[in-house]
Amino acid sequence: MASEITPITMPKFGLAMTEGKVAGWMIAPGKPVKAGDELVDIETSKITNSFESPASGILRRQVAPNGETLPVGALIAVVADASVPDTEIDAFITRFQSEFAANNTSDEGAEAAVEPTLVTVGTHTLRVHDLGTGDATPLVLIHGFGGDLKNWMLNHAALAHGRRVIAFDLPGHGGSSKDVGPGTLEFFADVTAQMLDHFNLSRVHVMGHSLGGGIALTLARTAPGRVASLSLIAPAGLGAQVNMTFINGFIEADRTRALQDVLKFLVHDKSLIGRRMTDDVLRYKRLDGAQAALQAVAAACFPGGKQGDDLRPVLTGGQVPATLLWGEEDEILPVTEADGLPEAITRHVFSGIGHMPQLECASDVNGIVETFLKQHDH
Amino acid sequence: MQIARETLLRSYRAMRTIRMFEERLHVEFATGEIPGFVHLYCGEEASGVGVCANLTDNDTIASTHRGHGHCIAKGVGVAGMMAEIYGRSTGVCRGKGGSMHIADLGCGMLGANGIVGGGPPLICGAALSHKTLRNGAVAVAFYGDGASNEGSTLESLNLASVWNLPAVFVVEDNGYGEATAASYACAGTQKARAAAFGMPYFECDGSDFFAVHQASAEVIAHARAGNGPAMLHVHLQRWYGHFEGDAMTYRAAGEVAEARRDHDCLKLFRERVTQAALLEETALDEIDAAVADEIESAVMQAKADPLPQEPDLLADVYVRY
Amino acid sequence: MSKKSFRQAINEAIRLEMRRDPRVILMGEDVAGGRGGSAGIKDAWGGVLGVTKGLLEEFGEDRVLDTPITEASYIGAAAGAAVTGLRPVAELMFVDFVGCCLDQIMNQAAKFRYMFGGKARTPLVIRAMYGAGFNAAAQHSQALYPLFTHIPGLKVVVPSSPYEAKGLLIEAIRDDDPVIFLENKVMYDEEEDVPDEAYTIPFGEANLTREGSDVTIVAFGRMVGLANQAADRLERKGIGCTVIDPRTTSPLDRDTILECVADTGRLVIVDESSPRCNMATDIAALVAEEAFDALRAPIRRVVPPHTPVPFATVLENLYLPSVERIEAAVTSVMNVRVTEKA
């Protein structure tokens, strides 16, 4: 209470933000601040927004000066009662920053410094984001239809403590080459395996979302020895139903408004789908070959408007340990598709969440997956 | 040079068609039924036909406001042309262009042009296409003595030479640019202009089909062989005004009558082919009758054909907007 | 994906399309440069500001054509080539030179399709530099996009950034209608992340660079950046602005403009082209006619005065719209009170 110190950290404006620049303090050190007061302007690549103080008290320290760029979550100021001694404020700052550094730095350097790169895998060029090191079994993240590795932006770094985590853009998606061959789950699983070969990874955990979950299941079916475990978020392949209004709408929409309406199917909290996110998807869709790739994948994986692959045997067969995560309000693949599977496969159903729990309740997902991975690290 | 019988018949028919087409328009225009302006080619038939007899459908021509003759010579259908002049939706341009903008890209006719000097740059472009696509075709610009002074024309002579284009520049010199004589408006000579840009120059009497045919064969061969552009200067006379309704007060009394009498390309053609026993009078008479029927049908059809509708107003501004 | 300048993005767009389609050719004054010169070198300039550098080397003299200084003939040639099978990208070195070839654009290329009853396709792109800010003075600093917008049959593109320029130019080259593509000469060194691959941005679809509920700002080309800067400052004062970049003046995304004005009730238009009959005026008329009831304040235009572009820096700065003038215009429409009828 009286000795409470509140850290003010770099806020996250919108899903895509990873860092921000302190663009102008509005309250001077030593001055009082109330929760809700405009404290500082934060500039990102897309927008400059004023950040309101989450706490009341005295602004004891502006830790980050004007012009400094810091990652989301980093300490930028300290608010506390006037009675708290400076030495305690200093100690607090030191402790906070060293913990933050430990949680956000890998051996290669600060998280913000590692960018995705392009690698050649067979006839494909894949954009790959490779974070983390450590002895634990590596993890591969596979996004879904129309997505890209940024779908994992709230999960990737969080899961990369003590283990290598590789997220990549599937062929036809993101920054990878656009040739999708027959567009089948087998094709994508095969490219994934080739990518593992490229990185000399014989055995990995796999987390897949939606179509990426179907790809993960297919990989487990064709090469069970390579898959240490499956963390499946609303995966394809467990039922026939799929929201074709979304699939077809996603393929066809070439204007912002239309696409924004389609993207809203993906989440329960529709306000998460802003213009920024929509524009990012639109920029991908405008690339030569992107639309044709999506059409090919949809035709191969959802013939006649239904899911064409039955991958339930992979789970009922029990060869590979698996866990299922699903939003109760999923409008793309209904949560009921998770019913009727062996008890050994834990189901985590998130109420009030749509098709992308990895975004809508990221920390829950990260916690569950972290625990699950550790259980199957051998 | 021996000209094939087929070519002679076809050329006679083309000239006769132009003559009857234009004479009929002269009559019909006076009734007030034809909208806008028309510019008649009577007296100049041998020029367009003589040149086009040496061209194929792959070759391109561009014309002037006085474009009916070039259209017919290049193979644009008479019925479609007449309907266009009457502003019908069945016109070759769907009633959207009229007399001054008749075009048929399918047979290489880039259009009559309402802008004096509009054609030569376009022909440089068509020639550039033919050269780049290596299709062996040539592009021919018809323009008048008036247009020969336009900056765009002179630039085109330069550009075609600099880029060594398969372009042919045919100056149809009828002595008048609208109401002003070429003797006043044109400095120097067409010959000197060709020489100034380093291109070969040919000249011929435009009332003599054979002379035009011979000269244009040489000019076109030069360009087609990849030797760059060439100029053909055709001397001829127009029998009507700059536009229909022009009283031609700038021409001496009897000038037109003399032209009709002594420089009628059709009369001269008939005399020559029959005297040399190249074609029979009967064959020519048959053509005259057939053409008369064709023109008559075209006029009757055009007058009866549907007018464009309101959606046509907005259509075809863009391929996709 | 990498940081590319406006210049590089445009070069890349042309290069990718010339690789993809052998019918695409480039022509203009000194687009390579050096032809016939005593130094015996080719590609001496690559365009007066280097935009087309390197293209001669890759595509050769048959597809990269230096022209004499004869706009009427080569712009007309580009039009003629377009209707006979090629897809020319012709450069007008400065848009101000359109005076020398306006017939070929206005009466020929723009009108072929319509006059010939829908039977012609004219896949022509004319690129030109525009804009003031380099002390290039009256004959080398005009904008003139309203002139082209006025002519039915033309499409007119005014990109606002490197990413926009590449996508819009690729779209322009693939488009089957005559397109005037205007590049603000002051922007050539501006950089932004631009994908390496080819992509298109559709015509007639405006981009919103930001959204706010108080005022709608419409801006063109380089003015979009100024509008964004003004909006940043205004945000700190509690005024939220939507900034619309129409991307193309013809076709114009009327729907987005009208919808945003319906939301905010206030409109400021920033247009560096000469004020009589310019885009700001065109859009003001559109909004006044079709969104009158939504307006809570008069429409304000931030435009130059009705003068030629002056030479001296101090005068050119007075001439051009600025961040301060945009801020002032927005503030003024915010200060207008709506009076209730008695």
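Guide: In this predicted model, 11 residues of chain A are in contact with 16 residues of chain C, contact meaning that C-beta atoms, placed from the backbone, lie within 7 Å. The side of chain A that touches chain C has six charged, three polar and two nonpolar residues (Ala, Val, Leu, Ile, Met, Phe, Trp, Tyr, Cys and Pro are nonpolar; Asp, Glu, Lys and Arg charged; the others, Gly among them, polar). Residues are numbered from 1 along each chain as its sequence is written, while chains are lettered from A and ligands numbered from 1 in the order written. Local features need pLDDT of at least 70 and side-chain atom pairs 80 or more, whereas totals for chains, interfaces and linings use all residues.

Let us now look within chain C. An automatic or database assignment divides chain C into domain 1 (2-194) and domain 2 (207-334), whose C-alpha centres lie 27 Å apart. Their contact takes 25 residues from domain 1 and 23 residues from domain 2. On the side of domain 1 of chain C that touches domain 2, 15 residues are nonpolar, eight polar and two charged.

The axes (lines fitted to C-alpha atoms over the stretch in contact) of α3 (residues 71-82) and α4 (residues 102-109) of chain C come within 8 Å and cross at roughly 25 degrees. α3(C) and α4(C) are therefore roughly parallel, a term for angles under 35 degrees. In α3(C), C:A72, C:I75, C:G76 and C:A79 meet C:Q104, C:I105, C:Q108 and C:A109 of α4(C). These contact residues comprise five nonpolar, three polar and no charged.

How values were computed:
Contact = placed C-beta atoms within 7 Å. Axes fitted to C-alpha atoms, helices over the stretch in contact; angles between N-to-C directions. Helix = DSSP H or I, 4+ residues; strand = E, 2+ residues; numbered from the N terminus. Parallel < 35°, antiparallel > 145°, perpendicular 65-115°, else oblique.
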